[in-house]
Amino acid sequence: MRPCKRIEIVVERSQLERMRSVIQTAGATGYTVLMNAGGGGDRGYRRADDVTDTDENCVFIVAVENPDMVSTIVEHAQPIVERYGGLCLVSDALWVRQTEK
């Protein structure tokens, strides 16, 4: 196991590609996207089962070891979260890496 930072970003679905670009441009080698996320916050309730998908969120999960990459992702995610609503969390984690063959 190796120490890393776990970045979780919740954004509305309309910002999926924009956030994906932020993460890839920062140099992250991988991430997970959870679609159809719902919940409540300061902008009201967002349904995860909306038929038109205009009222749903997605969640990005990224494991990052490089502190500069963490800062870059957070710096570029913040304006999106502020404008469209959402959440950005950074926490300490342990990365159980796959063994190389």
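This is a predicted model: local features need pLDDT of at least 70, side-chain atom pairs count only at pLDDT 80 or more; totals for chains, interfaces and linings use all residues.
How are H1 and H2 oriented relative to each other, roughly parallel or roughly antiparallel?

The chain contains two helices and six strands. Read from the N terminus, these elements follow the pattern β-α-β-β-β-β-α-β. The chain has 101 residues, of which 29% are buried. Its contacts also reach across the sequence: when contacts between residues at least 6 apart in sequence are considered, 75% of them join residues at least 24 apart.

Strands of a sheet pair through backbone hydrogen bonds, in either a parallel or an antiparallel manner. Here, four strands form an open sheet in the order S2-S5-S1-S6, and the pairing is antiparallel.

On one side, strand S1 (residues 2–12) is joined to S5 by eight bridges, and the two run antiparallel. Within this pairing, valine 10 stands opposite valine 59 of S5. S5 also pairs with strand S2 (residues 32–37), in the antiparallel sense and over four bridges. In this second pairing, threonine 32 lies opposite isoleucine 61 of S5, while alanine 37 has asparagine 57 of S5 as its bridge partner. Strand S5 spans residues 57–64, and six of its eight residues are buried, so the strand is largely enclosed by the rest of the structure.

With a relative accessibility of 44%, asparagine 36 counts as partly exposed, because the value falls between the limits of 20% for buried and 50% for exposed. The C-alpha atoms of asparagine 36 and valine 59 are 8.6 Å apart in space, although these residues are separated by 23 positions in sequence.

The helices can now be placed against the strands. H1 lies across S1, S2 and S5, and runs at about 5° to S5. H2 lies across S1, S5 and S6, with an angle of about 20° to S1.

The relation between the two helices remains to be described. Two packed helices are characterised by the angle between their axes and by the distance between the axes. For helix H1 (residues 16–26) and helix H2 (residues 67–84), the packing angle is about 165° and the axes are 9 Å apart. Angles over 145 degrees count as roughly antiparallel, and H1 and H2 are therefore roughly antiparallel to each other. Their crossing is right-handed. H1 contributes Arg18, Met19, Val22, Ile23 and Ala26 to the contact, and H2 contributes Met69, Thr72, Ile73, His76, Ala77, Ile80 and Tyr84. By class, the residues of this contact comprise nine nonpolar, two polar and one charged.

Technical notes. Residues are numbered from 1 along each chain as its sequence is written. Side-chain values use heavy atoms; hydrogens and water are left out. Buried means under 20% relative accessible area, exposed over 50%, partly exposed in between (1.4 Å probe, protein chains only). Two strands pair if DSSP finds at least two bridges between them. Axes are lines fitted to C-alpha atoms, for helices over the stretch in contact, and angles run from 0 to 180 degrees between N-to-C directions. Angles under 35 degrees count as roughly parallel, over 145 as roughly antiparallel, 65 to 115 as roughly perpendicular and the rest as oblique. A crossing is left-handed if the near helix is turned anticlockwise from the far one by less than a right angle, and right-handed if clockwise. Contact means heavy atoms within 4.5 Å. Ala, Val, Leu, Ile, Met, Phe, Trp, Tyr, Cys and Pro count as nonpolar, Asp, Glu, Lys and Arg as charged, and the others, Gly among them, as polar.
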